[in-house]
There are 2 protein chains.
Amino acid sequence: MSTRIPVVEAVTKANDALAGHNRERLDGLGIFGVNIMASPGAGKTSLIERTLPALLPTLRVGVIEGDIATNFDAQRVSAAGAAAVQINTGGTCHLEAQMVGRALDELPLNDIDLLIVENVGNLICPASFALGTHANVLVASVAEGDDKPYKHPRMYKGVDVLIVNKVDLLPHVDFDMPRFKRGVAALNDGVTTFELSCRTGQGCDAWTAWLREQVAQRRTAPAR
Amino acid sequence: MSTRIPVVEAVTKANDALAGHNRERLDGLGIFGVNIMASPGAGKTSLIERTLPALLPTLRVGVIEGDIATNFDAQRVSAAGAAAVQINTGGTCHLEAQMVGRALDELPLNDIDLLIVENVGNLICPASFALGTHANVLVASVAEGDDKPYKHPRMYKGVDVLIVNKVDLLPHVDFDMPRFKRGVAALNDGVTTFELSCRTGQGCDAWTAWLREQVAQRRTAPAR
C-alpha cells in the first residue's frame, strides 16, 4: 500500500503531458474545448442536449462522451446533431488525457469549432486529471444539496464555470442558495456561474452565449 | 502506467483481508453493519437522519461518516442522537477497510447494536472496496435519472438493498420507473428495494423495519 501515492503521482504527471499535447492539437485547429464534470445525474448530457440546438445552426460541435458503460449518451448527442464519440472506461472513474487523445483521432477535427467532453459522473477524481480542454465546467444540481462545495472543495476550486442546474426543482427541495454560494465563493470567488434548468430551458441562453463568445475568440486566432 | 492495474489489485486484496477482520470484530459483538453508498447528494445522510429517530428508542446505533472533507455529516447524525465518528479521506474517493477499522476503535462497540457506515459520495469506486459490513445499501435518487443502473452496473450488481429516494420529486422530474427497474432487474434481480422520501418520511417505515429485523437476527447469535 505504501507505493500507492508515488504511482498515482506518476500517473497524473504522465497525464498532464498528454493533456498538453491535446491542448496543442486543439489550439492548432482553433477549436475551443470544454470538460464538463458533475455527479452522476446532475445533468451533463441534458445540458449538452439543450446546448446543441442553440449552437448547431452556426457552430460545428464535436462531443466526446465518457462513461463506465453504455453508449446511451453518445446516442443522445448524435440524435441532437453533433459528431459524437463514446469512451467506455470500464471501471475507471474519470477520463484521462490519453483516452481523449484517442477519441480526438475519431472526430472530424477539421470540421469542428467547439469540442465538448463529458466526463464520467464523479465529483472527485475527474478534478485531478487535466484533459487538454480550455475550460473546466462543473454542473451542480440543486437536488444534490447545498453542502457540495464544502464536501468537494477540490472540484469546486478547479473549475472555470459553474452551472447550477435543475433550478425548476428549487420549490421542491431543501436547497439553501446563499449557503451554497458562500461555499463556492470561499473556494472560487467570482467563478463564471449560470443558474438554469435543462428541463425547462430557463437560463440556458446565457450559457450558450458564453460558449459562442469563447469560440469566436478562438476563431480570431491566426493558426487555423 | 502499465504497473497500475497490478497495484490496484494488490490494494483491493489487502483491503479484503482487512474487511474480513472488521467483519469478525462485528460478528464477535453481535453488531449488524451496513455500508451505505450513493452518488453525492442522493440522500445518504438524510436517510440516516430519518432512520435514527425510528431506531434509537430501542436500538443502539453507531455511525461512521466518510467524506473527502468536513465533519458536517457526523455533526448531523450526532445531533440525531447516534455515536458518530467522521473519517476525512483527503482526496480518496471511497472508504477502505483500514479506515473503517480505525474508526471502529473510536466507537463504543460494546454499546452498539447497529453500525451504519456512510461511504464517500461516489457511484464507482466504493463498489470495489469491501468494508466488512453485512449489507451493502445503495441509495438512488429519482432526481439522478433512470439510466444509472445501466451506466453503473458494478455498483447496482453488488448491493443487497436498493433505496429509491426522493420519490416526492417524481411529479417534477423525468424519471421512467419501469426503465429504471428493468435496468436493476437485469443486474440484481429481486434485490430488496425500498421506495421512499427522506424529505417527507413516506415509505421510511419499511426500511427501518428491515433494519430492526436484521439486528434482531444477529442478537440471537450466541457470540455476544
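**Sheet and helix packing in a predicted model**

Q: In this predicted model, which residue of β5(A) stands opposite A:I36?
A: A:I36 stands opposite A:V137.

Q: How do you know that β1 and β5 of chain A count as paired strands?
A: Pairing requires at least two bridges. Strand β1 (residues 32-38) and strand β5 (residues 135-141) of chain A are joined by 5 bridges, so they meet the criterion. The two run parallel.

Q: What is the strand order of the open sheet in chain A?
A: The order is β3-β2-β4-β1-β5-β6-β7, 7 strands with parallel pairing. From one strand to the next, the twist averages 20°.

Q: Why are β3 and β7 of chain A said to stand at the edges?
A: β3 (83-88) and β7 (192-195) each have a single partner strand, so one side of each lacks a neighbour in the sheet.

Q: Which strands does helix α2 of chain A lie across?
A: Helix α2 (residues 44-55) lies across β1, β2, β4, β5 and β6 of chain A. Its angle to β4(A) is about 165°.

Q: What describes the packing of α2 and α8 in chain B?
A: Helix α2 (residues 44-55) and helix α8 (residues 204-219) of chain B pack at about 60°, with axes 10 Å apart. The crossing is right-handed. On α2(B) the contact is made by B:R50, B:T51, B:A54 and B:L55, and on α8(B) by B:C204, B:T208, B:L211 and B:R212.

Q: How many residues of this contact of α2(B) with α8(B) are nonpolar, polar and charged?
A: There are 4 nonpolar, 2 polar and 2 charged residues.

Definitions and conventions
Residues are numbered from 1 along each chain as its sequence is written. Chains are lettered from A and ligands numbered from 1 in the order in which they are written. This is a predicted model: local features need pLDDT of at least 70, side-chain atom pairs count only at pLDDT 80 or more; totals for chains, interfaces and linings use all residues. Helices (H or I, at least four residues) and strands (E, at least two) are DSSP runs, numbered from the N terminus. Axes are lines fitted to C-alpha atoms, for helices over the stretch in contact, and angles run from 0 to 180 degrees between N-to-C directions. Two residues are in contact if their C-beta atoms, placed from the backbone, lie within 7 Å. A crossing is left-handed if the near helix is turned anticlockwise from the far one by less than a right angle, and right-handed if clockwise. Ala, Val, Leu, Ile, Met, Phe, Trp, Tyr, Cys and Pro count as nonpolar, Asp, Glu, Lys and Arg as charged, and the others, Gly among them, as polar.
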